[in-house]
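Please read the points below alongside the model.

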Amino acid sequence: MKRAEIRNISAETLSDNWYLLKKYSFELKRRDGEWQQQSREVYDRGNGATILLYNRAQKTVILTRQFRFPVYINGHEQPLIEAAAGLLDEMSPEQRIKAEAEEETGYRLTQVEKVFEAYMSPGSVTEKLHFFIAQYDASQQVHDGGGLKAEGEDIEVLELGFADALKAITDGVIVDGKTIMLLQYLALKGLMQ
Ligand SMILES: Nc1nc2c(ncn2[C@@H]2O[C@H](COP(=O)(O)OP(=O)(O)O[C@H]3O[C@H](CO)[C@@H](O)[C@H](O)[C@@H]3O)[C@@H](O)[C@H]2O)c(=O)[nH]1
Ligand SMILES: [Mg+2]
């Protein structure tokens with residue numbers, strides 16, 4: 001696939017507060033060869049990583065549940081069930097996800113497996129998410145998890161049966177994209193059989 005042809009990129013910062021929102025103007029060469037002027041607002045919060053902990057013998061997974069304000073104002077008033085995740089903050093995806101998994105779930109992981117990368121909202125958000133899975137057992141639990149109170153985190157740790165977690169997707173109880181992708185990955189690869 002050939003690279004997109006883009007010229008005359010300029011940017012204006014609309015907000016530089018917690019994260020960065022810019023408005024870009026640029027010209028894009030359409031497939032018919034015509035140059036077209038466009039502008040796009042782009043939200044940059046860095047890249048992130050997420051992980052699903054699974055136990056094959058027990059047929060269970062570890063998920064988190066926390067209040068998410070953007071989801072709340074868009075109509076989902078319950079806390080959101082999610083795979084553990086965090087922003088990279090200059091660390092490598094593997095280092096970051098091990099630290100984040102321990103902070104949020106309380107499980108200390110030695111081996112993690114990278115499964116894929118994905119842009120989750122490519123029309124407006126720059127973020128690329130790195131997806132991991134890891135096997136866990138009770139001996140790896142070093143504390144109760146919960147995240148960082150100073151950052152406003154108040155994270156519940158859930159251990160769910162894998163079949164119940166898959167059913168929660170079709171029942172509309174699990175509605176977070178990264179979490180659905182990771183649960184379906186385990187199912188597709190037959191890792192819980
Ligand atoms: N004060 C303040 N705090 C914020 C703001 N936005 C985020 N935070 C705080 O910044 C911290 C970021 O926590 P992380 O665990 O690193 O990130 P995350 O929010 O869990 O993000 C993960 O999940 C997202 C949603 O699926 C992913 O998009 C992201 O890549 C990452 O994987 C959280 O404590 C969050 O409350 C803000 O505007 N103001
Ligand atoms: Mg997080």
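The notes that follow are in numbered points.

1. This is a predicted model, in which local features need pLDDT of at least 70, side-chain atom pairs count only at pLDDT 80 or more, and totals for chains, interfaces and linings use all residues. Residues are numbered from 1 along each chain as its sequence is written, and chains are lettered from A and ligands numbered from 1 in the order in which they are written.

2. The shell around ligand 1 includes Trp18, Thr50, Glu127, Glu151, Glu153 and Lys178; a residue belongs if its C-beta atom, placed from the backbone, lies within 6 Å of the ligand. By class there are four nonpolar, four polar and four charged residues (Ala, Val, Leu, Ile, Met, Phe, Trp, Tyr, Cys and Pro count as nonpolar, Asp, Glu, Lys and Arg as charged, and the others, Gly among them, as polar).

3. Strands S4 (48-55) and S7 (84-87) each supply at least two residues of this shell, and S7 gives the largest share, three residues. Strands (E, at least two residues) and helices (H or I, at least four) are DSSP runs, numbered from the N terminus.

4. An unreviewed UniProt entry annotates residues 44-182 as "domain: Nudix hydrolase"; such annotations may be inferred rather than shown by experiment. Over this range the chain is 24% helix and 32% strand, with the end C-alpha atoms 24 Å apart.

5. S1, S2 and S3 form, in that order, an open antiparallel sheet, where pairing requires at least two DSSP bridges between two strands. S1 (6-16) and S3 (35-44) each have a single partner strand, so one side of each lacks a neighbour in the sheet.

6. Ten bridges join S2 (residues 20-29) to S3. Leu21 stands opposite Tyr43 in S3.
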